[in-house]
Amino acid sequence: MSGPVKSPPLPGMKKAVAATRPAPWWLAELHRLRPALLCAALTVAASLLVLGLSYRYADHQGDERELARQARATAANRFNQVETEKRDIRAYEPAFLALRQRGLIGEENRLGWIDTIRHSQEERKLPTISYDISARQVLKAPPALSMGTLQLRGTPMRLQMDLLHEMDMLNLLDDLRQAGYFAVQDCSIKRNTAAATLSAECGLLWLTLGNTGTERP
């Protein structure tokens with residue numbers, strides 16, 4: 001065979017050391033930059049944390065502002081409603097008090113009706129008057145009439161009386177209108193030819209208004 005032949009190293013000779021590339025200059029300075037790099041990393045991490053917390057705080061503040069806005073809107077609506085109710089009360093209070101004074105609003109006043117009948121009989125010197133009052137009942141108001149929490153009630157009354165002339169019945173009804181509100185359901189007058197006197201009978205329905213659920217017979 002032909003070719004180069006390696007001869008064994010001679011005694012006392014050292015193996016040649018392979019040539020090495022010199023290290024970059026910045027590696028030697030890396031240990032000096034390490035604190036600055038660590039500080040920069042911590043600064044970035046802290047900045048990201050603060051940024052995240054800021055976004056969360058901004059969202060929370062946005063929710064708080066929305067809740068506050070809704071609360072203000074609700075309070076404003078309630079205030080406007082209260083002011084409207086106050087104006088309505090001031091506007092309708094005189095009429096309300098007059099109706100209550102006349103006996104339309106509140107409990108029925110049977111004693112007042114009876115006293116008015118007796119007083120009218122004495123003042124106008126009317127003959128015998130008798131009456132019969134039935135139990136109060138709930139009436140159905142017309143659909144077009146908004147009653148709210150109020151309830152329309154009626155108390156039937158039958159009147160029988162002897163008359164000196166036809167005007168006695170009309171005068172009695174006029175006197176009774178001072179004691180409250182009522183509707184005349186029917187009236188009839190009969191002449192007693194034997195005694196030359198008149199007798200009348202009328203059906204009245206006394207009207208009252210009360211709150212729903214407070215109906216008492």
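Mentor: Helices (H or I, at least four residues) and strands (E, at least two) are DSSP runs, numbered from the N terminus. This is a predicted model, so local features need pLDDT of at least 70 and side-chain atom pairs count only at pLDDT 80 or more, while totals for chains, interfaces and linings use all residues. Residues are numbered from 1 along each chain as its sequence is written, and side-chain values use heavy atoms, with hydrogens and water left out.

Trainee: OK, how many salt bridges are there?
Mentor: The count comes to eight, taking a salt bridge as a side-chain nitrogen of Lys or Arg within 4 Å of a carboxyl oxygen of Asp or Glu. One of them joins Arg 69 to Glu 66, with the closest N and O atoms 2.7 Å apart.

Trainee: Where do Arg 69 and Glu 66 lie?
Mentor: Both are in helix 1 (residues 25–101), three residues apart, which is about one turn of the helix.

Trainee: Why does Arg 69 count as partly exposed?
Mentor: Because its relative accessibility is 43%; buried means under 20% relative accessible area, exposed over 50%, and partly exposed in between (1.4 Å probe, protein chains only). Glu 66 is partly exposed too, at 33%.

Trainee: Which residue does Asp 175 form a salt bridge with?
Mentor: Arg 124, and the closest N and O atoms are 2.7 Å apart. That pair links distant parts of the chain: Asp 175 sits in helix 3 and Arg 124 in helix 2, 51 residues apart.

Trainee: And is Asp 175 buried or exposed?
Mentor: Asp 175 is buried, at 19% relative accessible area, whereas Arg 124 is partly exposed at 37%.

Trainee: What about Glu 166, what does it form a salt bridge with?
Mentor: With Arg 191, where the closest N and O atoms are 3.7 Å apart. Here too distant parts of the chain are linked: Glu 166 is in the loop between strand 3 and helix 3, Arg 191 is in strand 4, and they are 25 residues apart. Glu 166 is partly exposed at 41%, and Arg 191 is exposed at 56%. There's also a network: Arg 158, Asp 186 and Glu 201 are joined by salt bridges that share partners.

Trainee: Switching topic, how do strand 3 and strand 5 pair?
Mentor: In the antiparallel sense, over 14 bridges; strands count as paired if DSSP finds at least two bridges between them. Thr 155 stands opposite Trp 206 in strand 5. Strand 4 (residues 181–192) also pairs with strand 5, antiparallel over 11 bridges, and there Ala 183 faces Leu 205.

Trainee: How many residues are in the largest nonpolar core?
Mentor: There are 19, and those with the most contacts inside it are Leu 159, Met 161, Leu 176, Leu 204 and Trp 206. Helix 2 (110–124), strand 3 (150–163), helix 3 (167–176) and strand 5 (197–211) each give two or more residues. Strand 5 gives the most, with five. By nonpolar core I mean buried Ala, Val, Leu, Ile, Met, Phe, Trp, Tyr and Cys residues joined through side-chain atoms within 4.5 Å.

Trainee: What is Met 161 in contact with, leaving aside neighbours within four places in sequence?
Mentor: Contact here is heavy atoms within 4.5 Å. Its partners are Thr 128, Ile 129, Met 169, Leu 172, Leu 198, Ser 199 and Ala 200.
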